[in-house]
Amino acid sequence: MRALRRDRGFLFGAAVALLMVLVAVAAPLLAAAAGQDYTTYHDNLLDSARGGVPLGRLGGISGEHWLGVEPGTGRDLFARVVHGAQTSLGVAVGATILQVLLGLFVGTAAGLGGRWADAILTRLVDLVLALPILVLAISLLAIVPSNWPRPLLLAAVIAVLGWGGTARITRSETLTLRTRDYVAAARLAGAGWSRIARREILPGLTAPVLTYAALLLPTNMVVEAGLSFLGVGVRPPTPSWGQMLSSATTWFRADPMYVLVPGGLLFLTLLSFVLVANGLRRALDPRQREVLLQ
Amino acid sequence: MIGYLFRRIGGAVLVLFGLSLLLYGLFYLAPSDPAILTCGKGCTPERLAEVRHAMGVDDPIPAQYAHFLTGLVAGRDYPAGPATRHCPAPCLGYSFETDQPVTTLLLDRLPVSASLALGAEVLSLAAGIGAGVLSGLRRYRWLDRIVNGLVLAGYAVPVFLVGLLLLLLFCVQLQWLPFPSYVPFTTDPLAWAQNLLLPWVALAVIQTAAYARLTRAGIQETLSEDYIRTARAYGLPERRIIWRRALRGALLPLVTLTAIDLASIMTSAVLTETMFGLPGVGQLLVGAVNQIDLPVVVGVTMLTGVLIVAANTIADFLYAAVDPRVELR
Amino acid sequence: MRRALTLVLPSLLLLAACDGGGGGTSASGAFDPATCQGGTLSVLNQGGITHLDPARLYTSGGGNIPSLLFRTLTTRNRQPGEAGAKPAPDLATDLGTPSDGARTWTYKLRADVFFEDGTPITAADVKYGIERSFAPELPGGAPYLRDWLQDAASYQGPYQQPEGIKAIETPDDRTIVFKLSKPEGDFPFLATATQFAPVPKAKDKGVGYEAHPVSSGPYMVESYAPKKSLILVRNPHWTTKSDTLRYACPDRIEVTAGLDAAVINQRLISEPDAVTTDAVVGPEQLAQLGSGGPLDKQVARGEFPATYYLAFNTKNAPFDNQKVREALSYAVNRTSVVNALGGSTVAGASTTFLPPQKALGYQQYDFFPAGDSGDAAKAKAVLAEAGVSNLTIELAHSNEDGNGYGPKVAAAVQEAFKQAGVTVKLTAIDDATYRDVTGKPATERGASLQYWGADWPSGGPFLIPIFDGRQIITAGGNFNLAQYDDPQVNAEIDAINALTDQSSAQQRWGALDAKVGALALTIPLAHEKDVFLFGKNVKNAVPDGWRGTYDLARISVK
């Protein structure tokens, strides 16, 4: 803990990450504070003959519209960006939690189960790790009916395709832990496997799984942004940073603010989470110090 | 060794089998009908039924899957008007959308994806190893810091963000480069490289971070090994120690990684290809998904699977070859 | 903005259109078709060239690229403005002779027309080309012939039924006669479709024919890779004397497909010999237009007759209530819709179902006047009058914006209705299946966003599928989304169809549009405008009055 407190990168990352989480949670309040919402059109702020670029400088920044308005619709960019944080973070957090749960379950089952269970589950994990995630996610998301709740679906798809890493780490940690004396003692005392898993193994898994999960979070965010960028992510009018960047591709020169605002925020948020993950790993799991981030 | 190879290939076949089964299953669950797209506007129900039959999508899905497997192993014949078309094994079928053999489509797109992957890999290896060595030696504190920062930033930028900014900067603002459009190497090598430069850089930014980190770790680890200390104690020149010993030890794991990375760029650079409009395998997939073009979707996924499994196998062999402590099992 | 009448082949077809009038001014005054020959034209496209088989193409007026390869019985007149919205003889010597009250159409073929191998084109080749388009192996073409020709609906094409279609007679090599099941005054318009292109039976390879379709037009295929590239070179057996409509100026035409719209528009600025047939200008270029800059000389403005609209299913509550439909017609904000479609340069607000082209019979009306930005108060008043409050409706839209009925327009409509106190639940439907889902009365939603373009510039194909009660198809492929069936309207449609005089037909189509418009069966939102750039060497890039784009058969890069 002391190491963390002295780690400037971690502190910066944690501060920014915390801020982003707060922004995401308080998105409706923030938008309301700005006197805006993310759906109202402001056609009077657009130059329709020029394709709907915002009137005024810097994407139409004004006292009312703190970050200007979205080209083509005139919706308030600040409101959309803060709600976009909600989507991006929400999907990433949801996917991470699912991945960790799935990974923990399969990993401990493989580590504590018999030879056959271990062999089968390890093969399964290998298979999942070999899946081309983006390719499959695109296929999956395109096939699912469009009226299913999109953010949930996104989190589920990302999780189902990406739990292999957690499972692998959990398994190897479990294999080490099960040879420890206290586990052997519990077994002699007649504890069942599920009890051992919960009482003896899980606490030991906290540090490695936590550090790994901290890395998964930004990775998942990138995947969500990428899928939304490709048009298979969340559906409008729900904003997401990736989807905003995707529509920004046609507004390069006409309205650079529309690229820079969501792009900058995405970068800053990802960077902060990577810094947090980095700091956590150094503090909690010195053995993994220079392991390649997956 | 032979046994290992067999197990590996057996495993790969199973993975591919599972993947194709999964896709056919999903297709069965999906409410979409590819015949509607093919039949076009104003298609009457009777006409639709005829088209469905001509496309072979009126069979039950298990039968369609069986046909697919047969085609893969033994080839297939397709009705094509006055005569039949023979699709030789390994037959992945014909695209619903364009009626071209899927194998032709894949072979046509692969050079684009390969160009993208190769260039990005070379670029990121050069930059990554360079930065990794320099910071690994800890000669310059500030350099170490910069590399550290870049490595972290590299993880934090999605490839399409880098791509967007590169396009914005070099094609729109400065206009130093044309908007990328693929030119085959055989047509004009210079234009090939010029058009691929931005996509290479975009991909390399992310890849470089990983390589730099790995190289630095390797260098630091080997420098602390006994044999380096021994070499130092014998008074070998420092430069020689670094280049002959430390670097070799540090680079070995990297070499084995490149095969896997090449395969993964080749097959998963969907975003980069879309961003820069490169007609590669990824773009083929995105288009096929939008058109419910099942044979192409399955074909691309199969190719992806084959490449990834092959790359992993090669990586294992390379690893065993360069590091005698590793045994193939 | 990708608009498409067809779901499969957006760009080959009807892509763009303009009604002459405006742009394409670059050097067109001094243009001389006799001396325009030479050079290589490069066509940069987003999509298209998915197929090259004349049986499989769904074109308006023969298409832009296809009509370089295929001559048809008639073709579009290739003039700017109104003159361009008429058909003109191509392989035939005239527009056809109707008899039996426009139930029989007889064409005489020119004697000086040849395939690329020098074989003379005969009536049997035209007949065979049409028969092929009935083969289920070659789907995708326009559906009209199945419906119009006598007893042809169940014909399965020459591969399964070599005896052919009885309703097409070829008494000699130069004569072809069509027997229709009902009067169709628009037959000369339909005869512009690529299905009327000749196909020599000896060269037919079925599905593989499109690798090298036998040309009857000024160019022939040198190489073709679907969705990627198409290279055309001169057809030595085509002559200017036999074809005065196509100038065929460039010696070589290279089509590249699969490019990004932004890239295309950037390249049109920097590559002097380049054009596009499917990439409308984006905001990047719009910003540079109209300011007297150099780009103003490289732009063609036209209009393809097409309408973006909101369709009601009047069998669904609350849309069975005309007052509700009227209230929503007052509430809609067409300014937001136009902006969602790309701004006022590429779309214009519409209150009529027919787009504003005279050839279609356009007559101005606005039964629910609310200005371009809607009148929420009036809408609320009408709803109150009808005794409806706290209304929640479902609006279906495609999950993609490319066709103009996607999330952007849906969100604009949602927001406007919200101002009038109506809550809209948006239902996104996968683009690939959108028309299918909304085209089946069983799965059709109460309200949905739609786009309707003209297969040819006449009121018939624009209004009939939408408002003819006998065209309600319950099994799927339905376009009469209101499920509106009025015997009087049906009878009027039959009466107009029998007219072979276009100007009186136009008059009555316009009146019919106004008649159904008063019922608020749809909310017309906007009509399409098309703005295309072209390279600075390109001459005679004049948009024609049929499709609204410049015509590849008439532009020059010399």
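Reader: What share of chain B contacts between residues at least 6 apart in sequence join residues at least 24 apart?
Author: The share is 66%. Two residues are in contact if their C-beta atoms, placed from the backbone, lie within 7 Å. Residues are numbered from 1 along each chain as its sequence is written, while chains are lettered from A and ligands numbered from 1 in the order in which they are written.

Reader: What makes a residue of chain B count as buried, and how many do?
Author: A buried residue has 20 or more other C-beta atoms within 10 Å of its own; 12 or fewer means exposed, in between partly exposed. Of the 329 residues in chain B, 45% are buried.

Reader: Why is a set of residues called a nonpolar core?
Author: Its members are buried Ala, Val, Leu, Ile, Met, Phe, Trp, Tyr and Cys residues, joined through C-beta atoms within 7 Å. The largest such core has 341 residues; Ile138(A) is among those that touch the most other members. Helix H10 (residues 193-229) of chain A gives the most, with 17 residues. Helices are DSSP runs of H or I, at least four residues, and strands are runs of E, at least two.

Reader: Which residues does Ile138(A) touch?
Author: Leaving out residues up to four places away in sequence, Ile138(A) touches Leu230(A), Val232(A), Val270(B), Leu285(B), Val286(B) and Val289(B).

Reader: How do you know that strand E5 of chain C pairs with E7(C)?
Author: Pairing takes at least two DSSP bridges between two strands. E5 (residues 104-108) and E7 of chain C have five, in the antiparallel sense. Therefore they count as paired. Lys108(C), for one, has Thr175(C) in E7(C) as its bridge partner.

Reader: What makes E4 and E6 of chain C edge strands?
Author: The open sheet runs E4-E5-E7-E6 in chain C, with antiparallel pairing. E4 (97-99) and E6 (168-172) each pair on one side only.

Reader: Where in chain C does pLDDT stay under 50?
Author: Over residues 1-28 of chain C. Where pLDDT is low, the predicted coordinates should not be read in detail. The mean pLDDT of chain C is 89, and 95% of its residues reach 70 or more.

How values were computed:
This is a predicted model: local features need pLDDT of at least 70, side-chain atom pairs count only at pLDDT 80 or more; totals for chains, interfaces and linings use all residues. pLDDT is the predictor's confidence in each residue, from 0 to 100.
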